[in-house]
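Subject: A structure for you to look at

Hello,

Please open it first, and then read on for what turned up in it.

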Amino acid sequence: MSDEHWYEDETGSLVRPYTVTRGRTEPSGKHTIDLMSRVTALEAEAGRPEVDHARAALLALLRRGARPVVELAADADLPLTVVRVLLADLAEAGLVGIEEPRRVEPTGPAADPELLKVIVERLREL
């Protein structure tokens, strides 16, 4: 972090998360942002909108390399709901790309629903 934000290191954030998202708790309906969605910073073009401090901080983290949403939230030290809203805003502005995670169908014993029921029952017994 830069020296100009030293107070946040010592006292915690002085701005409430809902203020950063302007009271929104869900990203816009245009974007599906899963915990494991991979986010990439896109090349800035002339005429792109300016972003506030919170969105600029996320972009700075993403410029180090693409990463999953959950990792980005941990690195930014922001609640996941806030990060999802901010990422949707950045995606709408054309500043980030969001890839949905690949879905892998389980095979072998992990695909057997009966086995999974037995495991759940045994865990409840503990």
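In helix α4, the buried residues are V69, L72 and A73. Buried here means under 20% relative accessible area, exposed means over 50%, and partly exposed lies in between (1.4 Å probe, protein chains only). Helices (H or I, at least four residues) and strands (E, at least two) are DSSP runs, numbered from the N terminus. Looking down the axis of α4, these buried residues fall within an arc of 100°, so they line one face of the helix; the arc is that of the directions from the helix axis to the C-beta atoms. The cover over the buried residues of α4 includes β1, α3, β2 (67-68) and α5.

Before going further, a word on where this comes from: the model is predicted, so local features need pLDDT of at least 70 and side-chain atom pairs count only at pLDDT 80 or more, while totals for chains, interfaces and linings use all residues. Residues are numbered from 1 along each chain as its sequence is written, and side-chain values use heavy atoms, with hydrogens and water left out.

Here is the overall plan. The chain has six helices and three strands, and from the N terminus on its elements run α-α-β-α-β-α-α-β-α. Of its 126 residues, 25% count as buried. Contact means heavy atoms within 4.5 Å. Among contacts between residues at least 6 apart in sequence, 75% join residues at least 24 apart.

Now to the inside. The largest nonpolar core has 20 residues, and L62, L72, L87, L90 and V96 have the most contacts inside it. A nonpolar core is a set of buried Ala, Val, Leu, Ile, Met, Phe, Trp, Tyr and Cys residues joined through side-chain atoms within 4.5 Å. Two or more residues of this core come from each of β1 (38-41), α3 (53-62), α4 (69-76) and α5 (80-92). Helix α5 gives the largest share, seven residues. In soluble globular proteins, nonpolar side chains tend to be buried together.

Setting aside neighbours within four places in sequence, V96 is in contact with V39, T40, A41, L42, L59, L62, L87, L90 and A91.

Next, have a look at α3. Its buried residues are A54, R55, L58, L59, L61 and L62. Viewed down the axis of α3, they fall within an arc of 160°, so they line one face of the helix. An α-helix has 3.6 residues a turn, so residues three or four places apart point the same way.

How do α3 and α5 meet, and at what angle do they pack? The angle is about 85°, with the axes 10 Å apart; axes are lines fitted to C-alpha atoms, for helices over the stretch in contact, and angles run from 0 to 180 degrees between N-to-C directions. The two helices, α3 and α5, are therefore roughly perpendicular to each other. For angles, under 35 degrees counts as roughly parallel, over 145 as roughly antiparallel, 65 to 115 as roughly perpendicular and the rest as oblique. From α3, A54, R55, L58, L59 and L62 meet V83, L86, L87, D89 and L90 in α5. The residues of this contact divide into eight nonpolar, no polar and two charged.

- D75 is found in α4 and counts as partly exposed, at 42% relative accessibility. Not counting residues up to four places away in sequence, D75 touches L61 and R67.
- D77 is not a glycine, yet its phi is positive, about 55°. With a relative accessible area of 69%, D77 is exposed.
- L80 sits in α5 and is partly exposed at 29% relative accessibility. Leaving aside neighbours within four places in sequence, L80 is in contact with L35, V69, V70 and A73.
- D34 is in the loop between α2 (17-20) and β1, and is partly exposed at 26%. Beyond its neighbours within four places in sequence, D34 is in contact with V69, P101 and R103.

Note on methods. Nonpolar A, V, L, I, M, F, W, Y, C, P; charged D, E, K, R; others polar.
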